[in-house]
Amino acid sequence: MARIDVLMPQMGESIAEGTLSKWLKRLGDEVKRDEPLFEISTDKVDAEIPAPTAGVLAEIKVQEGQTVPVQTLVAVIETDKAAAAASPAAPPVAAAQRAPAAPGGTAVSPQQPTAPSRPLPPSTAPVKGGDGAETAEERLRRKSTPLVRKIAAEHRVDISTIPGTGFAGRVTKQDILGVIERGPSLVSPSPSPQPLAPAVAAPAVAPWPGDRVEPFSKIRKITADHMIMSRRVSAHVTSFFEVDYSRVAELRRKHKAADAERGVNLTYLAFIAKACAENLRKHAVVNAAVSGDNIIYRQDVNIGIAVALEWGLIVPVVKRADELSLSGLARAISDLGERARAKKLSPDDIQRGTFTITNPGVFGSYAGAPIINQPQVAILGVGAIEKRPKVVTLPDGTDTIAIRTMGMVSMSYDHRVVDGADADRFLADVKRTLENFPEGAI
(Lines give C-alpha, C1' and ligand atoms only; values in the text may rest on other atoms or scores of the structure.)
Protein backbone atom coordinates (compact mmCIF):
# COMPACT_ATOMS: atom_id res chain seq x y z
CA MET A 1 0.00 0.00 0.00
CA ALA A 2 1.39 3.39 -1.01
CA ARG A 3 0.27 6.60 0.68
CA ILE A 4 0.79 9.75 -1.37
CA ASP A 5 0.72 13.12 0.38
CA VAL A 6 -1.15 15.96 -1.33
CA LEU A 7 0.25 19.37 -0.36
CA MET A 8 -1.02 22.95 -0.67
CA PRO A 9 0.85 24.17 -3.79
CA GLN A 10 2.66 27.49 -4.01
CA MET A 11 0.76 29.47 -6.63
CA GLY A 12 3.13 32.42 -6.81
CA GLU A 13 6.64 33.36 -5.76
CA SER A 14 5.38 35.68 -2.99
CA ILE A 15 2.43 33.50 -1.95
CA ALA A 16 2.74 31.99 1.53
CA GLU A 17 -0.73 30.51 1.96
CA GLY A 18 -3.84 29.42 0.10
CA THR A 19 -7.52 28.87 0.85
CA LEU A 20 -9.05 25.52 0.02
CA SER A 21 -12.32 26.75 -1.43
CA LYS A 22 -13.96 23.51 -2.58
CA TRP A 23 -13.38 19.76 -2.54
CA LEU A 24 -14.21 18.17 -5.90
CA LYS A 25 -13.94 14.63 -4.49
CA ARG A 26 -15.32 13.10 -1.29
CA LEU A 27 -13.54 10.91 1.21
CA GLY A 28 -13.32 7.39 -0.16
CA ASP A 29 -13.78 8.48 -3.79
CA GLU A 30 -11.56 6.96 -6.44
CA VAL A 31 -9.45 9.53 -8.26
CA LYS A 32 -7.46 9.40 -11.48
CA ARG A 33 -4.05 10.94 -11.99
CA ASP A 34 -4.36 14.62 -13.03
CA GLU A 35 -8.11 14.60 -12.31
CA PRO A 36 -9.21 17.81 -10.52
CA LEU A 37 -9.15 17.10 -6.77
CA PHE A 38 -9.90 20.46 -5.11
CA GLU A 39 -10.10 24.18 -5.80
CA ILE A 40 -7.94 26.80 -4.10
CA SER A 41 -7.89 30.60 -3.92
CA THR A 42 -4.84 32.78 -3.34
CA ASP A 43 -4.10 36.45 -3.93
CA LYS A 44 -2.82 35.44 -7.36
CA VAL A 45 -5.25 32.91 -8.75
CA ASP A 46 -8.25 30.64 -8.34
CA ALA A 47 -7.37 27.21 -9.67
CA GLU A 48 -8.28 23.54 -9.71
CA ILE A 49 -5.52 21.33 -8.31
CA PRO A 50 -5.13 17.91 -9.96
CA ALA A 51 -4.48 14.65 -8.15
CA PRO A 52 -0.76 13.77 -8.22
CA THR A 53 -1.53 10.06 -8.62
CA ALA A 54 -4.36 7.60 -9.16
CA GLY A 55 -5.89 5.97 -6.10
CA VAL A 56 -8.48 6.59 -3.39
CA LEU A 57 -8.90 9.76 -1.34
CA ALA A 58 -8.14 8.24 2.06
CA GLU A 59 -7.78 11.31 4.27
CA ILE A 60 -8.86 14.95 4.11
CA LYS A 61 -6.68 17.12 6.34
CA VAL A 62 -7.95 20.59 5.35
CA GLN A 63 -11.62 21.49 5.16
CA GLU A 64 -13.37 23.84 2.75
CA GLY A 65 -12.83 27.48 3.66
CA GLN A 66 -9.60 26.88 5.59
CA THR A 67 -6.50 28.96 4.79
CA VAL A 68 -3.18 27.17 5.34
CA PRO A 69 0.48 27.78 4.48
CA VAL A 70 1.90 26.38 1.27
CA GLN A 71 3.29 22.85 1.56
CA THR A 72 0.73 22.03 4.27
CA LEU A 73 -0.58 18.46 4.07
CA VAL A 74 -4.05 18.76 2.51
CA ALA A 75 -4.97 15.14 1.86
CA VAL A 76 -3.66 11.60 1.51
CA ILE A 77 -4.27 9.36 -1.49
CA GLU A 78 -3.84 5.62 -1.13
CA THR A 79 -3.06 3.59 -4.20
CA ASP A 80 -4.53 0.47 -2.56
CA LYS A 81 -8.31 0.90 -2.91
CA ALA A 82 -9.14 -1.88 -0.44
CA ALA A 83 -7.07 -0.33 2.34
CA ALA A 84 -8.55 3.08 1.74
CA ALA A 85 -12.12 1.77 1.75
CA ALA A 86 -11.63 0.65 5.35
CA SER A 87 -11.29 4.28 6.42
CA PRO A 88 -14.49 5.87 7.83
CA ALA A 89 -16.14 7.85 5.07
CA ALA A 90 -17.44 11.34 5.78
CA PRO A 91 -18.18 14.19 3.38
CA PRO A 92 -15.91 17.25 3.46
CA VAL A 93 -17.18 19.94 5.80
CA ALA A 94 -18.09 23.21 4.11
CA ALA A 95 -17.16 26.54 5.70
CA ALA A 96 -20.81 27.26 6.46
CA GLN A 97 -21.27 23.86 8.11
CA ARG A 98 -18.21 23.86 10.39
CA ALA A 99 -18.44 22.51 13.93
CA PRO A 100 -19.48 24.95 16.65
CA ALA A 101 -16.80 26.82 18.55
CA ALA A 102 -15.88 25.81 22.07
CA PRO A 103 -15.29 28.46 24.75
CA GLY A 104 -12.23 30.45 23.77
CA GLY A 105 -12.96 30.13 20.06
CA THR A 106 -11.53 26.65 19.31
CA ALA A 107 -13.64 24.62 16.87
CA VAL A 108 -14.71 21.26 18.28
CA SER A 109 -15.76 18.35 16.08
CA PRO A 110 -19.02 16.71 17.15
CA GLN A 111 -17.44 13.32 16.36
CA GLN A 112 -14.01 13.65 17.98
CA PRO A 113 -12.54 15.23 21.11
CA THR A 114 -10.51 18.36 20.74
CA ALA A 115 -7.10 17.47 19.38
CA PRO A 116 -3.99 18.84 21.08
CA SER A 117 -2.14 21.63 19.36
CA ARG A 118 0.01 20.20 16.62
CA PRO A 119 3.62 21.32 16.11
CA LEU A 120 4.24 24.10 13.64
CA PRO A 121 5.24 22.98 10.15
CA PRO A 122 8.89 23.56 9.25
CA SER A 123 8.10 26.73 7.29
CA THR A 124 6.78 28.45 10.41
CA ALA A 125 8.98 26.96 13.12
CA PRO A 126 11.17 29.51 14.92
CA VAL A 127 14.62 29.97 13.42
CA LYS A 128 17.46 30.56 15.84
CA GLY A 129 20.46 32.82 15.54
CA GLY A 130 24.05 31.84 16.29
CA ASP A 131 23.63 32.01 20.10
CA GLY A 132 20.35 30.09 20.03
CA ALA A 133 18.16 33.19 20.30
CA GLU A 134 15.90 34.18 17.44
CA THR A 135 17.15 37.33 15.73
CA ALA A 136 14.89 40.23 14.80
CA GLU A 137 15.41 39.57 11.08
CA GLU A 138 14.58 35.89 11.52
CA ARG A 139 11.44 36.79 13.45
CA LEU A 140 10.31 39.22 10.74
CA ARG A 141 10.85 36.66 8.01
CA ARG A 142 9.04 33.97 10.02
CA LYS A 143 6.04 36.19 10.69
CA SER A 144 5.53 37.72 7.26
CA THR A 145 5.69 37.19 3.52
CA PRO A 146 7.90 39.16 1.10
CA LEU A 147 4.87 41.19 0.00
CA VAL A 148 4.03 42.15 3.61
CA ARG A 149 7.64 43.11 4.31
CA LYS A 150 7.65 45.28 1.19
CA ILE A 151 4.51 47.16 2.28
CA ALA A 152 5.97 47.59 5.77
CA ALA A 153 9.22 48.99 4.36
CA GLU A 154 7.36 51.43 2.11
CA HIS A 155 5.37 52.78 5.07
CA ARG A 156 8.10 52.38 7.74
CA VAL A 157 6.01 50.02 9.87
CA ASP A 158 7.70 47.78 12.47
CA ILE A 159 6.25 44.34 11.74
CA SER A 160 7.44 42.89 15.06
CA THR A 161 4.94 45.11 16.91
CA ILE A 162 1.92 43.89 14.93
CA PRO A 163 -0.17 41.03 16.34
CA GLY A 164 -0.54 38.74 13.35
CA THR A 165 -3.80 36.99 12.57
CA GLY A 166 -2.33 34.49 10.10
CA PHE A 167 -1.21 30.96 10.70
CA ALA A 168 1.10 30.71 13.78
CA GLY A 169 0.85 34.47 14.32
CA ARG A 170 2.08 35.41 10.86
CA VAL A 171 1.42 39.03 9.89
CA THR A 172 -0.85 38.99 6.85
CA LYS A 173 -1.42 41.58 4.16
CA GLN A 174 -4.74 42.50 5.79
CA ASP A 175 -2.93 43.03 9.12
CA ILE A 176 -0.38 45.45 7.69
CA LEU A 177 -2.97 47.35 5.63
CA GLY A 178 -5.14 47.66 8.72
CA VAL A 179 -2.26 49.22 10.66
CA ILE A 180 -1.64 51.71 7.87
CA GLU A 181 -5.34 52.60 7.77
CA ARG A 182 -5.42 53.26 11.53
CA GLY A 183 -2.59 55.78 11.38
CA PRO A 184 1.08 56.28 12.21
CA SER A 185 1.15 54.88 15.77
CA LEU A 186 3.31 51.92 14.71
CA VAL A 187 5.40 53.79 12.17
CA SER A 188 9.10 53.83 12.97
CA PRO A 189 10.83 57.20 13.32
CA SER A 190 13.00 58.33 10.43
CA PRO A 191 15.75 60.95 10.18
CA SER A 192 13.85 62.57 7.32
CA PRO A 193 10.23 61.57 7.92
CA GLN A 194 7.81 61.45 5.04
CA PRO A 195 4.12 61.69 5.95
CA LEU A 196 1.95 58.68 5.26
CA ALA A 197 -0.64 59.10 2.57
CA PRO A 198 -3.92 59.98 4.27
CA ALA A 199 -5.95 56.85 4.91
CA VAL A 200 -9.70 57.15 4.55
CA ALA A 201 -11.79 54.48 6.23
CA ALA A 202 -14.68 53.28 4.11
CA PRO A 203 -17.96 54.36 5.73
CA ALA A 204 -20.52 51.78 6.70
CA VAL A 205 -23.40 51.81 4.25
CA ALA A 206 -26.87 50.58 5.20
CA PRO A 207 -28.88 48.72 2.54
CA TRP A 208 -32.23 50.20 1.56
CA PRO A 209 -35.45 48.20 1.32
CA GLY A 210 -35.34 45.99 -1.75
CA ASP A 211 -31.53 46.05 -2.05
CA ARG A 212 -29.61 42.80 -2.45
CA VAL A 213 -26.48 42.39 -0.28
CA GLU A 214 -23.75 39.97 -1.35
CA PRO A 215 -20.45 39.47 0.49
CA PHE A 216 -17.24 39.76 -1.50
CA SER A 217 -16.18 36.52 -3.12
CA LYS A 218 -12.69 35.33 -2.25
CA ILE A 219 -11.21 36.50 -5.55
CA ARG A 220 -13.06 39.85 -5.37
CA LYS A 221 -11.70 40.51 -1.87
CA ILE A 222 -8.18 39.55 -2.95
CA THR A 223 -8.38 41.79 -6.03
CA ALA A 224 -9.69 44.71 -3.97
CA ASP A 225 -6.90 44.39 -1.41
CA HIS A 226 -4.25 44.08 -4.13
CA MET A 227 -5.50 47.17 -5.98
CA ILE A 228 -5.57 49.29 -2.82
CA MET A 229 -2.10 48.10 -1.88
CA SER A 230 -0.75 48.94 -5.34
CA ARG A 231 -2.14 52.48 -5.21
CA ARG A 232 -0.47 52.98 -1.83
CA VAL A 233 2.89 51.51 -2.81
CA SER A 234 3.46 53.00 -6.27
CA ALA A 235 3.38 56.60 -7.48
CA HIS A 236 0.96 56.07 -10.36
CA VAL A 237 1.24 58.19 -13.52
CA THR A 238 -0.43 57.36 -16.86
CA SER A 239 0.60 58.32 -20.41
CA PHE A 240 -1.67 58.00 -23.48
CA PHE A 241 -0.70 57.41 -27.13
CA GLU A 242 -2.88 57.04 -30.22
CA VAL A 243 -1.86 54.21 -32.57
CA ASP A 244 -2.71 53.75 -36.24
CA TYR A 245 -3.37 50.01 -36.58
CA SER A 246 -4.02 50.15 -40.32
CA ARG A 247 -0.79 48.27 -41.11
CA VAL A 248 -1.67 45.55 -38.59
CA ALA A 249 -5.22 45.33 -40.00
CA GLU A 250 -3.79 44.90 -43.50
CA LEU A 251 -1.45 42.10 -42.40
CA ARG A 252 -4.27 40.33 -40.55
CA ARG A 253 -6.49 40.42 -43.67
CA LYS A 254 -3.67 39.26 -45.93
CA HIS A 255 -2.66 36.27 -43.79
CA LYS A 256 -6.04 35.30 -42.33
CA ALA A 257 -6.56 32.20 -44.53
CA ALA A 258 -3.02 30.88 -44.05
CA ASP A 259 -3.19 31.50 -40.30
CA ALA A 260 -6.50 29.63 -40.05
CA GLU A 261 -4.92 26.60 -41.75
CA ARG A 262 -2.14 26.67 -39.12
CA GLY A 263 -4.69 27.01 -36.32
CA VAL A 264 -3.45 30.46 -35.33
CA ASN A 265 -5.60 33.53 -34.69
CA LEU A 266 -3.40 36.61 -35.04
CA THR A 267 -5.37 39.00 -32.86
CA TYR A 268 -4.53 42.66 -32.36
CA LEU A 269 -3.48 41.72 -28.82
CA ALA A 270 -0.86 39.33 -30.18
CA PHE A 271 0.65 42.13 -32.32
CA ILE A 272 0.63 44.50 -29.32
CA ALA A 273 2.29 41.90 -27.07
CA LYS A 274 4.95 41.31 -29.73
CA ALA A 275 5.63 45.04 -30.03
CA CYS A 276 5.95 45.34 -26.25
CA ALA A 277 8.19 42.27 -25.96
CA GLU A 278 10.59 43.59 -28.59
CA ASN A 279 10.89 46.98 -26.89
CA LEU A 280 11.00 45.98 -23.20
CA ARG A 281 14.57 44.75 -23.59
CA LYS A 282 15.56 48.15 -24.97
CA HIS A 283 13.74 50.01 -22.19
CA ALA A 284 14.91 47.97 -19.21
CA VAL A 285 13.48 50.28 -16.54
CA VAL A 286 9.95 49.46 -17.72
CA ASN A 287 10.72 45.75 -17.27
CA ALA A 288 11.82 46.16 -13.66
CA ALA A 289 10.72 45.83 -10.04
CA VAL A 290 11.38 47.78 -6.83
CA SER A 291 12.82 46.20 -3.69
CA GLY A 292 13.26 48.75 -0.91
CA ASP A 293 15.77 51.28 -2.23
CA ASN A 294 16.90 49.00 -5.08
CA ILE A 295 15.73 48.61 -8.68
CA ILE A 296 15.72 45.04 -10.00
CA TYR A 297 16.20 45.00 -13.78
CA ARG A 298 14.68 41.71 -14.90
CA GLN A 299 16.64 39.53 -17.28
CA ASP A 300 13.55 37.76 -18.60
CA VAL A 301 10.72 39.46 -20.46
CA ASN A 302 7.60 37.75 -19.06
CA ILE A 303 4.36 39.42 -20.13
CA GLY A 304 1.20 38.97 -18.07
CA ILE A 305 -2.09 39.06 -20.00
CA ALA A 306 -5.07 40.10 -17.87
CA VAL A 307 -8.06 37.79 -18.40
CA ALA A 308 -11.53 38.88 -17.31
CA LEU A 309 -13.52 35.96 -15.89
CA GLU A 310 -17.12 35.75 -14.71
CA TRP A 311 -15.87 35.41 -11.14
CA GLY A 312 -12.99 37.93 -11.24
CA LEU A 313 -9.68 38.84 -12.86
CA ILE A 314 -6.54 36.76 -13.36
CA VAL A 315 -3.18 37.45 -15.00
CA PRO A 316 -1.44 34.40 -16.52
CA VAL A 317 2.08 35.01 -17.80
CA VAL A 318 3.75 34.35 -21.16
CA LYS A 319 7.34 33.44 -20.25
CA ARG A 320 10.23 34.84 -22.31
CA ALA A 321 7.83 36.53 -24.65
CA ASP A 322 10.66 38.28 -26.51
CA GLU A 323 11.94 34.90 -27.70
CA LEU A 324 8.61 33.89 -29.28
CA SER A 325 7.49 34.53 -32.83
CA LEU A 326 4.24 36.39 -33.47
CA SER A 327 2.36 33.15 -34.05
CA GLY A 328 4.00 31.62 -30.98
CA LEU A 329 2.82 34.56 -28.87
CA ALA A 330 -0.69 34.30 -30.32
CA ARG A 331 -0.85 30.59 -29.45
CA ALA A 332 0.47 31.19 -25.93
CA ILE A 333 -2.03 33.99 -25.23
CA SER A 334 -4.93 31.91 -26.55
CA ASP A 335 -3.88 28.85 -24.55
CA LEU A 336 -3.50 30.77 -21.28
CA GLY A 337 -6.86 32.47 -21.75
CA GLU A 338 -8.66 29.19 -22.40
CA ARG A 339 -7.07 27.48 -19.41
CA ALA A 340 -7.78 30.47 -17.16
CA ARG A 341 -11.49 30.30 -18.03
CA ALA A 342 -11.47 26.53 -17.41
CA LYS A 343 -9.55 26.90 -14.10
CA LYS A 344 -6.75 24.77 -15.53
CA LEU A 345 -3.81 27.10 -14.87
CA SER A 346 -0.78 25.64 -13.13
CA PRO A 347 1.15 27.48 -10.41
CA ASP A 348 3.90 28.33 -12.89
CA ASP A 349 1.40 29.95 -15.27
CA ILE A 350 0.78 32.91 -12.95
CA GLN A 351 4.29 33.49 -11.61
CA ARG A 352 7.26 35.68 -12.52
CA GLY A 353 5.52 38.34 -14.59
CA THR A 354 7.63 41.42 -15.40
CA PHE A 355 5.10 43.53 -17.37
CA THR A 356 1.32 43.34 -17.81
CA ILE A 357 -1.10 44.08 -20.64
CA THR A 358 -4.81 44.58 -19.98
CA ASN A 359 -7.32 44.91 -22.81
CA PRO A 360 -10.51 46.71 -21.75
CA GLY A 361 -10.94 47.79 -25.35
CA VAL A 362 -12.69 44.50 -26.12
CA PHE A 363 -15.61 45.88 -24.09
CA GLY A 364 -15.60 49.19 -26.00
CA SER A 365 -13.52 51.33 -23.65
CA TYR A 366 -11.80 54.22 -25.46
CA ALA A 367 -8.89 54.40 -22.99
CA GLY A 368 -8.17 53.85 -19.32
CA ALA A 369 -5.63 54.24 -16.54
CA PRO A 370 -4.97 50.71 -15.22
CA ILE A 371 -3.49 49.99 -11.78
CA ILE A 372 0.01 48.52 -11.70
CA ASN A 373 0.28 44.79 -11.02
CA GLN A 374 2.71 44.66 -8.09
CA PRO A 375 5.65 44.21 -7.86
CA GLN A 376 5.97 45.31 -11.48
CA VAL A 377 6.46 48.98 -12.39
CA ALA A 378 4.25 49.33 -15.48
CA ILE A 379 1.05 48.08 -17.08
CA LEU A 380 -0.24 48.73 -20.62
CA GLY A 381 -3.92 49.35 -21.28
CA VAL A 382 -5.37 48.72 -24.74
CA GLY A 383 -8.37 50.77 -25.85
CA ALA A 384 -11.02 49.92 -28.44
CA ILE A 385 -9.63 49.46 -31.97
CA GLU A 386 -12.00 50.84 -34.61
CA LYS A 387 -12.16 52.81 -37.84
CA ARG A 388 -11.95 56.58 -37.35
CA PRO A 389 -11.33 59.62 -39.54
CA LYS A 390 -7.71 60.77 -39.50
CA VAL A 391 -5.71 63.50 -41.18
CA VAL A 392 -2.98 61.88 -43.30
CA THR A 393 -0.25 63.46 -45.38
CA LEU A 394 -0.01 62.32 -49.01
CA PRO A 395 3.32 61.75 -50.83
CA ASP A 396 3.03 65.20 -52.48
CA GLY A 397 2.83 66.85 -49.04
CA THR A 398 -0.86 67.68 -49.10
CA ASP A 399 -3.21 66.64 -46.29
CA THR A 400 -6.44 64.73 -46.59
CA ILE A 401 -8.92 62.97 -44.33
CA ALA A 402 -8.84 59.18 -44.54
CA ILE A 403 -10.53 56.28 -42.79
CA ARG A 404 -7.93 54.50 -40.64
CA THR A 405 -8.01 51.72 -38.06
CA MET A 406 -7.15 53.54 -34.83
CA GLY A 407 -6.92 52.88 -31.11
CA MET A 408 -5.49 54.26 -27.88
CA VAL A 409 -2.86 52.67 -25.69
CA SER A 410 -2.17 53.88 -22.17
CA MET A 411 0.53 52.94 -19.71
CA SER A 412 0.43 53.44 -15.97
CA TYR A 413 3.90 53.39 -14.46
CA ASP A 414 5.60 53.78 -11.09
CA HIS A 415 7.06 57.29 -11.06
CA ARG A 416 9.43 56.31 -8.24
CA VAL A 417 11.64 54.64 -10.85
CA VAL A 418 10.13 55.30 -14.29
CA ASP A 419 10.35 58.92 -15.43
CA GLY A 420 7.82 60.35 -17.86
CA ALA A 421 10.44 60.55 -20.60
CA ASP A 422 11.30 56.85 -20.14
CA ALA A 423 7.65 55.83 -20.33
CA ASP A 424 6.94 57.98 -23.36
CA ARG A 425 10.02 56.75 -25.23
CA PHE A 426 8.89 53.17 -24.66
CA LEU A 427 5.34 53.94 -25.84
CA ALA A 428 6.68 55.81 -28.87
CA ASP A 429 8.71 52.75 -29.86
CA VAL A 430 5.72 50.44 -29.36
CA LYS A 431 3.62 52.77 -31.54
CA ARG A 432 6.33 52.87 -34.22
CA THR A 433 6.61 49.07 -34.25
CA LEU A 434 2.85 48.61 -34.67
CA GLU A 435 2.50 51.24 -37.37
CA ASN A 436 5.41 49.80 -39.38
CA PHE A 437 5.09 46.11 -38.54
CA PRO A 438 7.37 44.07 -40.85
CA GLU A 439 5.66 41.43 -42.94
CA GLY A 440 8.63 39.14 -42.41
CA ALA A 441 7.70 38.91 -38.72
CA ILE A 442 4.38 37.18 -39.50
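Trainee: How many aromatic pairs does the structure hold?

Mentor: In this predicted model, there are four aromatic pairs.

Trainee: Which parts does the pair of Phe271 and Phe437 tie together?

Mentor: Phe271 belongs to helix H7, whereas Phe437 lies in the segment after helix H9 (420-435), so the pair links parts that are 166 residues apart in sequence. Phe271 is buried, at 0% relative accessibility, and Phe437 is buried as well, with a relative accessible area of 1%.

Trainee: How is the pair of Phe355 and Phe426 classed?

Mentor: Planes over 60 degrees apart count as edge-to-face. The planes of Phe355 and Phe426 stand at 70 degrees, with ring centres 5.8 Å apart, so this pair is edge-to-face. Since Phe355 lies in strand S16 (residues 355-358) and Phe426 in helix H9, the pair ties together parts that are 71 residues apart in sequence. Are these two residues buried or exposed? Both Phe355 and Phe426 are buried.

Trainee: Which residues have the most contacts inside the largest nonpolar core?

Mentor: They are Phe355, Ile357, Leu380 and Met411, in a core of 54 residues. Helix H7 (residues 268-280) contributes the most to this core, with nine residues. Another core, of 18 residues, lies apart from it and includes Leu20 and Trp23.

Technical notes: Residues are numbered from 1 along each chain as its sequence is written. This is a predicted model: local features need pLDDT of at least 70, side-chain atom pairs count only at pLDDT 80 or more; totals for chains, interfaces and linings use all residues. Side-chain values use heavy atoms; hydrogens and water are left out. A nonpolar core is a set of buried Ala, Val, Leu, Ile, Met, Phe, Trp, Tyr and Cys residues joined through side-chain atoms within 4.5 Å. Buried means under 20% relative accessible area, exposed over 50%, partly exposed in between (1.4 Å probe, protein chains only). Helices (H or I, at least four residues) and strands (E, at least two) are DSSP runs, numbered from the N terminus. Rings of Phe, Tyr and Trp (its six-membered ring) pair if their centres lie within 6.5 Å; planes under 30 degrees apart count as stacked, over 60 as edge-to-face and the rest as tilted.
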